[in-house]
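This report describes how parts of one predicted protein model pack together. Please look at the sequence and the structure before reading on.

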Amino acid sequence: MAKARMQHPAAVGVAEHGNSAVLVTVAPDGDLLDRRRIDLTRGLRIDLTRGLPTHPYHHEGSWAVGRYLNSPWAREISLADAVALVERVRDSASRGAHESLEALATAVPVRIASIAIRVCPPLPATTQERIADTRAANVADSVMYRESLAAAAEARGWSVHWYDRERVFHDAAAALGGKDIDNFLQVMGRSAGPPWQARHKLAAAAALAAGARR
């Protein structure tokens, strides 16, 4: 069994929330190999003297162009400083993604070949344009973290699969030959033990679908 597993690569599914993400790694036969939560940046406060913010587009970027200034937590910041802050957070997320995937690859006794990440909506090309566009600013932070994970995975030679949240459970069921995906994930959760929440199920389904596509 161990030898057979080593011959077939595993897949990782990602369910991100802000600067954190749940990673679920599964074998080709659907066995759970690893489950973990990662933080892509270390800072959890908006005050720059205490660490990096987690949502620089949505918060500091918005304040720089005059949005949400009536909020009690808002403060003045120039557009140039907001852009520079986004780049600092992006660099931190890039380092965090590389470190997190390295730690995962080291811990799992099976070669990982693919990762599934939620598909990103189209956004304006530049940081300034994303800040200026209210819709883009609302999702640009999440996209930044997803793109950091994708870049880190590609640097490791993993294939990146972009999944549609509305279809991924259907795709996972198809990957299992039409099995009841809800029941399959419930059984997986019972074997793993808590926590096993909606985002863990989403990540597991994405990993199953990605493994089949490979």
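## Helix 3 against helix 5

Helix 3 and helix 5 are oblique to each other, because angles under 35 degrees count as roughly parallel, over 145 as roughly antiparallel, 65 to 115 as roughly perpendicular and the rest as oblique. Their axes are 8 Å apart and the packing angle is about 45 degrees. Axes here are lines fitted to C-alpha atoms, for helices over the stretch in contact, and angles run from 0 to 180 degrees between N-to-C directions. Helices (H or I, at least four residues) and strands (E, at least two) are DSSP runs, numbered from the N terminus. The crossing of helix 3 past helix 5 is right-handed; a crossing is right-handed if the near helix is turned clockwise from the far one by less than a right angle, and left-handed if anticlockwise.

Which residues of helix 3 and helix 5 meet? On the helix 3 side they are Val86, Val89, Arg90, Ala93, Ser94, Ala97, His98 and Leu101, and on the helix 5 side Met144, Tyr145, Ser148, Leu149, Ala152, Ala153 and Ala155. By class, this contact of helix 3 with helix 5 holds 11 nonpolar, 3 polar and 1 charged residues. Ala, Val, Leu, Ile, Met, Phe, Trp, Tyr, Cys and Pro count as nonpolar, Asp, Glu, Lys and Arg as charged, and the others, Gly among them, as polar. Contact means heavy atoms within 4.5 Å.

## About the model

The model is predicted: local features need pLDDT of at least 70, side-chain atom pairs count only at pLDDT 80 or more, and totals for chains, interfaces and linings use all residues. Residues are numbered from 1 along each chain as its sequence is written, and side-chain values use heavy atoms, with hydrogens and water left out.

## Two residues in these helices

Ser148 lies in helix 5. Is Ser148 buried or exposed? Ser148 has 7% relative accessibility and counts as buried; buried means under 20% relative accessible area, exposed over 50%, partly exposed in between (1.4 Å probe, protein chains only). Leaving aside neighbours within four places in sequence, Ser148 is in contact with Arg90, Ala93, Ser94 and Ala97.

Asp81 lies in helix 3 and is partly exposed, at 48% relative accessibility. Asp81 and Ala64 are 17 residues apart in sequence, while their C-alpha atoms are 8.4 Å apart in space.

## Helix 2

Helix 2 (residues 57–64) and helix 5 (residues 134–155) have axes that come within 8 Å and cross at roughly 140 degrees. This pair is therefore also described as oblique, and helix 2 passes helix 5 in a right-handed crossing. Tyr57, His58 and Ser62 in helix 2 meet Ala137, Asn138, Ala140, Asp141 and Met144 in helix 5. That contact has 4 nonpolar, 3 polar and 1 charged residues.

How many of the 8 residues of helix 2 are buried? The number is 6, and helix 2 is mostly covered. The buried residues are Tyr57, His59, Glu60, Gly61, Ser62 and Trp63. They pack against helix 3, helix 4 (127–132) and helix 5.

## Loops and backbone details

His55 is found in the loop between strand 3 and helix 2. His55 is partly exposed, with a relative accessible area of 26%. Apart from neighbours within four places in sequence, His55 is in contact with Gly18, Glu60 and Asp141.

Helix 2 is followed by Gly66, which has a positive phi near 95 degrees. Tyr68, in the loop between helix 2 and helix 3, has a positive phi near 60 degrees although Tyr68 is not a glycine. Tyr68 is partly exposed, at 35% relative accessible area. Further along, the peptide bond from Pro194 to Pro195 is cis, with omega near 0 degrees. Pro195 is in the loop between helix 7 (181–192) and helix 8 (198–213).

## Nonpolar cores

A nonpolar core is a set of buried Ala, Val, Leu, Ile, Met, Phe, Trp, Tyr and Cys residues joined through side-chain atoms within 4.5 Å. The largest one has 40 residues, of which Leu101, Ile115, Leu149 and Trp158 touch the most other members. Elements that give two or more residues to this core include strand 1 (10–17), helix 2, helix 3 (79–107) and helix 5.

Beyond neighbours within four places in sequence, Leu101 is in contact with Leu23, Ile115, Leu149, Ala152, Ala153, Arg156 and Trp158. A second, separate core has 25 residues, among them Ala172, Ile181, Ala205 and Ala209.
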